[in-house]
Amino acid sequence: MSKILIKNGKIIRSDAIIQSDMLIKEQIIQNISPHIEDDEAQIYDARGHFIFPGFIDAHTHMGVPIRQTTSADDFDTGTLAALHGGVTTIIDFTVQRPGESLLASLERRQDEANGRASVDYALHCNVTDWEAIQRDEFRQIMDRGVMSFKVFTAYREAGMQLSDRQIMEVLWQVKQVGGMVMVHAENGDMIDFLTDKYVRFNKTGAAYHALSRPAEAEIEAVARVNTLNKFIQCPLYFVHLSTRGAVEIAATLKQNNQKVFLETCPQYLFFDQTVYDREDGYRFIAAPPFRSGQDVQFLWQALGKGWIDVVATDHCPFSLDQKNLGQKQFHRTPNGLPGVETLFTILYNEGVRKGRLTLQDLVRLIAEEPARRFGLFPRKGSLAENSDADLVIFDPQGEGKIHAENLHSKIDWSPYEGVPTQGKISAVMLRGQWLLKDGQAVAKNWNQGRFIPAIPSA
Ligand code: URP
Ligand code: ZN
Ligand code: ZN
């Protein structure tokens, strides 16, 4: 029976920071107390280091079709990147094909992930073809451990946009079974209209990407879905929010005790729309686009105030060749950015070190809250007795820089190239097994990641 005793670390939880020892037995945390002795355990001395719960990236897209290509990381490479960034659980999405049932899409996605992932994973269920769905499927999907159903108010050309009526039907069905609806909120018709106009007048540079998907598109869609939900009251989760206006609308409902949860991504906290004026601006095409500097400042404040619940990456990387497929034309460039490996690094360096977040906020945003929202808590996202022994040990000393060549995603660039960093992840543990130790990959077996079924709280 394997036991590991981690001594002298500083344990970072959302409610407290404690200097303590931690005993891991087999896959779980058995004991956390100031002085543990155990002659049978292997000792790991974490003096001077922080111990975080394994991070959770609640929004990734491994190997998904976008425009004329497929996002570059599959479950294999994407989870390798994840673990090097301290992410021990990802939550990815099913991809419903036209005419396909939700159950078939879930089974297909589980087949794609099974035996390929090096970290644990859960799934959200995309609902993109309403007509193909049997109503009792929502219950069956919940019974298989998937509690979050995602709808899109954009991407008509990709066959993903639902009408308001269909969104209400989904809200209704999901409410009946005790799940949550996730929303990609951008007004697709507004975007399609503006895109057509810009393209017709040959305005296809990256700056027009932002102009064709204005802040109003996000604000309107968040307001509209909340209005549709007024009659249904299903728990809602808005993904990748990028604007002050949208966050204010959703946060106001949250303050009025509605079950509305908000997500933003590191990229919306780091870049503003001026990036699209760069020569390589087309690489940064993602939906929604980057916004004004004021929006960026506001998002940081909203995180600190607890208005935004989760930071997740929307990891959807494309190589430079793939980004070039659209020949720098915004409407032909595959949209999405890498992020899973730099989630913690960006939040720690841009958030904690710049005084915008505390270490405890960081744990709340990328471990505890994603676990709570998606039915994984307290098994995941928690440093407590009986939780899975998923840990990140971080050495806050030493300086470095982000370089694509040191990252593990299957792409040849990073949006964060050259960004200065402090500290490094020295060890990562997944369910009691070291994946990284002393900065080196040490897992005896890779691809040991398991599907973690969601257990919705009552
Ligand atoms: O541009 C993005 N974000 N691509 C991934 C798909 C999505 O909308 O989340
Ligand atoms: Zn989206
Ligand atoms: Zn996404």
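Q: How does one decide whether histidine 240 counts as buried or exposed?
A: In this predicted model, the quantity to look at is relative accessibility, and a residue is called buried when the value is under 20%. Histidine 240 has a relative accessibility of 2%, and therefore counts as buried. Histidine 184, with a relative accessible area of 1%, is buried as well.

Q: Which protein atoms are donors of the zinc ion (ligand 2), and how far from it do they lie?
A: The protein donors are ND1 of His184 and NE2 of His240, lying 2.1 Å from the zinc ion (ligand 2).

Q: What separates the zinc ion (ligand 2) from the zinc ion (ligand 3), and which residues coordinate the zinc ion (ligand 3)?
A: The separation of the two ions is 3.7 Å. The zinc ion (ligand 3) is coordinated by NE2 of His59, NE2 of His61 and OD of Asp314, at 1.9 to 2.1 Å. The site of this ion is also irregular, with angles of 87 to 141 degrees among its 4 donor atoms, and its donors follow the spacing H-x1-H-x252-D along the chain. Here too the pair links distant parts of the chain, with histidine 59 in the loop between β6 (55–57) and β7 (65–66) and aspartate 314, 255 residues apart from it, in the loop between β15 (310–311) and α11 (320–323). Histidine 59 counts as buried at 0% relative accessibility, and aspartate 314 counts as buried at 11%.

Q: How should I read the sheet, and in what order do its strands come?
A: Strands of a sheet pair through backbone hydrogen bonds, either parallel or antiparallel. In this model 8 strands form an open sheet in the order β6-β9-β10-β11-β12-β13-β14-β15, and the pairing is parallel. Because β6 and β15 stand at the edges, each with a single partner strand, one side of each is left without a neighbour in the sheet. Within the sheet, strand β13 (residues 236–238) is joined by 3 bridges to strand β14 (residues 260–264), and tyrosine 237 has phenylalanine 261 in β14 as its bridge partner.

Q: Where do helices α2 and α8 lie against these strands?
A: Helix α2 (residues 102–113) packs on the sheet, where it touches β9 (87–93), β10 (120–126) and β11 (148–152), and its direction makes about 155 degrees with that of β10. Helix α8 (residues 244–255) lies across β13 and β14, running at about 145 degrees to β14.

Q: Which residues have the most contacts inside the largest nonpolar core?
A: They are Phe52, Phe138 and Phe238, in a core that has 123 residues. Helix α13 (residues 359–373) gives the most to this core, with 7 residues. Leaving aside neighbours within four places in sequence, phenylalanine 238 is in contact with residues including Val183, Ala250, Phe261 and Leu262.

Key
Residues are numbered from 1 along each chain as its sequence is written. Chains are lettered from A and ligands numbered from 1 in the order in which they are written. This is a predicted model: local features need pLDDT of at least 70, side-chain atom pairs count only at pLDDT 80 or more; totals for chains, interfaces and linings use all residues. Side-chain values use heavy atoms; hydrogens and water are left out. Donors are N, O and S atoms within 2.8 Å of the metal (3.2 Å for Na, K and Ca); water is not among the atoms, so sites may look incomplete. Four donors count as tetrahedral if all angles lie between 85 and 135 degrees; four count as square planar and six as octahedral if opposite donors are over 155 degrees apart and all others between 65 and 115; anything else is irregular. Helices (H or I, at least four residues) and strands (E, at least two) are DSSP runs, numbered from the N terminus. Buried means under 20% relative accessible area, exposed over 50%, partly exposed in between (1.4 Å probe, protein chains only). Two strands pair if DSSP finds at least two bridges between them. Contact means heavy atoms within 4.5 Å. Axes are lines fitted to C-alpha atoms, for helices over the stretch in contact, and angles run from 0 to 180 degrees between N-to-C directions. A nonpolar core is a set of buried Ala, Val, Leu, Ile, Met, Phe, Trp, Tyr and Cys residues joined through side-chain atoms within 4.5 Å.
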